[in-house]
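I opened the model to look up its salt bridges. I also wanted a look at one helix that takes part.

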Amino acid sequence: MGNTESVVVQKRLARFRPEERPVVEGVFDRLQGVVGKTPAGKTVTLEMLQSSMSSLAPDSMVRRLYRCMCSIDSGLAASAAQGKTSNSASGVGREQLVIFLADTLRGTAEERAPLVMAMSQCGAGSTVVTCEQVTEFLQDLVSAVVQILVHRGRLQGWKPERMGDGSLGVKLLAEQMCSELKPSDQGDCDVSCLEDWIFRVSQISSYLEMLVAEGLNVCLMGRPAPTLLPLCRDTPWKELRCLLDLPTLMFLAPQLPDSYSAPWRLVFSTQLHGESFTRMVTGLTKQGPTLLLIKDTDGHVFGGFASHVWDVKPQFQGDSRCFLFTVFPRLRVYTATGYNQHFMYLNQNQQTMPNGLGMGGQHGYFGLWLDSDFGRGHSRARPKCTTYGSPQLSGNEDFTLDTVEVWAVGKPPEPEEDEEGQGKRSILDVDPEVKAMMEITGKTLHSQGLREPEEDQEQ
C-alpha cells in the first residue's frame, strides 16, 4: 500500500469505531476465502462477489456493485465522477474495497453520488446518466432489499405470498424514487444532480447501506439494520389477498408520523366482511389512526391516512397529518396544503347532510369519497383537491369499488371511564336540555320510572 493510498484508506477507516475497523478490513480476506492476511497482489473477482451475495441480491445488482468497486481510485473518490474508465478484468483491490465500504456505510451524499453514478451506468467513461438508467439501478436495488427482508426473515408478520404483486411494487417504488430527481433540460443527471437527490431522498442511502452490510456480512454494532416494515398483528392471512405489497409498505410506512409505531391491524376488508358501509364504519371507529386502501374496477389503487379516530358526525375532523395517496398506476403521497381543514368526514343515516366517508375537498367534490350506499365513490379534483393538492385518484371521476381495506396503524384511544355504562344511559342523562324541554312542554318521561336502579341507590 503506497503512502498516498494509506492516508486515503486510513481516513476512511477512521469513520468506524476501533472495534469495527477489523470487521471492515476483514471483508476482503473473507471474500477471498482466506484465513488470515491475503497475499499482496490478490484481488476480489466478480465470481467471489457473486458467491457471497447470490442469495441476497439479483445478479444484475451484484454486477453493478462490482463495476462500482472497480471504478474507485484509491487516491481520489470514484473515477466515474471524472469520467475515467475502470478495469474490471483485474478485480477489486483491498484499498478499493475499503473505500467502497466506508463510503456506502458511513459516507456523505457527496461521496455516495459517484458510486450511484457508477452503478447506474451501463459502461464506464461517461460523466452523466439518464433517468432511465437510474430507474433500472433502483429496480435492482429495491429488489435486493426485498430479497434480503425475505431471506433474513425480517417480514414483521407480513406474508408476501398473500399480498400484492411484489415485482410490480418494485417498479412503482423505483419510479417514485426516480421522480424526485431534478435532471438537466436534456434529461441527464451529473454527479451534482445525484448528490442533491441522495441528500433529499434518504431511502437511497438506507437501501444501499442495507444491501452492502447484509450482502458482504459487515456486522457493525454501532448501526443496526433499519426496520423497513411495520409490525403486522392478528391478520387472517389464509382468507386474505392483501392490496399491499412489500415495496408499497416500504414507501407508505415512513410517511406516517413518527409517533405511530403500533402494529398494523386489519380492521375491515370487503373480502372478509362483505360490502357493508355499516360494517366498515364499525371497523373504522374507536381504532385510532387508520389507513384506508381502495381498489376500483379500473384497477387503480389509492387511499388515505386518517391521523385521528373517526367519529360519525356531520362535521369535518382530523388534522394536517392526514394525507391521500395513490399506489397504482403511480406511487405518490399528497399532503395537506393548508387551504382548508377538510381532512376527514364520516356521516351516516342523516337526511340533511351527505352520508359517506370523505377526505379533502368539499361536499360533492371530495378528493376521496365513499358513498354510504356501498359500492360507489368519487374523486373529484379539477384541477387538484384543495385540501391535499391531489389529482384524481381513481380511474374515473365516479368509480365503482372492487376492494376496500382498512388498517389500524396506531394505538387505539384509551376507553373513557364510564364508556361501559354508557349503553345503559338514557337520552335524558346524556342531554339534560332534552329532559328540561320535555318537562316544560308537559311530555311524560316514560323512561324515568323504567330504568334500573344504580348501584349506590341499591345500597
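I counted salt bridges first: the structure holds 19. A salt bridge here is a side-chain nitrogen of Lys or Arg within 4 Å of a carboxyl oxygen of Asp or Glu. The model is predicted, so local features need pLDDT of at least 70 and side-chain atom pairs 80 or more, while totals for chains, interfaces and linings use all residues. Residues are numbered from 1 along each chain as its sequence is written, and side-chain values use heavy atoms, without hydrogens and water.

I took Arg332 and Glu175 next. Their closest N and O atoms are 3.0 Å apart. This pair links distant parts of the chain: Arg332 sits in strand β9 and Glu175 in helix α8, 157 residues apart. Helices (H or I, at least four residues) and strands (E, at least two) are DSSP runs, numbered from the N terminus. Arg332 is buried at 13% relative accessibility. Glu175 is partly exposed at 29%. Buried means under 20% relative accessible area, exposed over 50%, partly exposed in between (1.4 Å probe, protein chains only).

I then checked α8 itself. It covers residues 166-178. Its buried residues include Gly169, Leu172 and Met177. The buried residues of α8 pack against β9 (332-335), among other elements.

Arg200 and Asp196 form a salt bridge at 3.0 Å, N to O. Both lie in α9, 4 residues apart, about one turn of the helix.

Last, I noted a network of salt bridges that links Arg12, Arg15, Asp103 and Glu111.

How values were computed:
The expected span of a helix is 1.5 Å times one less than its number of residues. Contact means heavy atoms within 4.5 Å.
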